[in-house]
Amino acid sequence: MRIISGEYKGRKITAPKKLPVRPTTDMAKEALFNIINNQYYFDSITVLDLFSGTGNISYEFASRGTQQITCVDQDYGCIKFINETARSFNMPLQTIKSDVFKFLEKTTQKATIIFADPPYDFSLELFAKIPELVFNNDLLEAQGTLIVEHSKHTDLSSLKNYSYSKSYGGNMFSFFEIEENTTLEEE
């Protein structure tokens, strides 16, 4: 995998083969960051990277200037690899070794962007639990976005707070946002 843009553009990162991961492809990652780039200033957002695996997405945010990035993964090898890579690039990544669902149930940490890349073989019920916990626990900032990566064979459009999806090859990104409760007053 490589960093697509920013300060560390072009740097290759090679994860140990024994890690239980499926890194986001460069093509899908580039398309995702083009969407994010049109909505946010990278140097003024906070990011929560769930099921962070190799840290691929977090490195991209850090390379583009994001200073507050938290990576959550339950695998010790993944957390160790992210810490080593962040140290070697001098990136401001904080890591938390935890089951993501337990973390979401307990944390009060808010983020502008919450990115989740769970295993593609999750059931729809497990996928649904991610936005449910994020929104029920008020973890997104006001103009924030939850992005869930999944297989194109999984449809998350029926879930609460779903906004839209984008497909890139076999990868799909579903975007979830805070629903605005607006009522028009009669004049």
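**Exercise 1.** Determine whether N161 is buried or exposed, and state where N161 lies.

*Solution.* Begin with accessibility: N161 has a relative accessibility of 8% and therefore counts as buried, where buried means under 20% relative accessible area, exposed over 50%, and partly exposed in between (1.4 Å probe, protein chains only). Finally, turn to the backbone, where N161 has a positive phi of about 70 degrees although it is not a glycine.

The model is predicted, so that local features need pLDDT of at least 70 and side-chain atom pairs count only at pLDDT 80 or more, while totals for chains, interfaces and linings use all residues. Residues are numbered from 1 along each chain as its sequence is written, and side-chain values use heavy atoms, with hydrogens and water left out.

**Exercise 2.** Carry out the analysis for D138.

*Solution.* D138 is found in the loop between α5 (124-136) and β5 (140-151). Its phi is positive, about 55 degrees, although D138 is not a glycine. With a relative accessible area of 43%, D138 is partly exposed.

**Exercise 3.** Describe how helix α1 (residues 26-37) packs with helix α2 (residues 56-63).

*Solution.* The axes, which are lines fitted to C-alpha atoms over the stretch in contact, with angles running from 0 to 180 degrees between N-to-C directions, are 12 Å apart and form an angle of about 45 degrees. On the α1 side, K29, L32, F33 and I36 meet N56, I57, E60 and F61 in α2, contact meaning heavy atoms within 4.5 Å.

Terms used. Helices (H or I, at least four residues) and strands (E, at least two) are DSSP runs, numbered from the N terminus.
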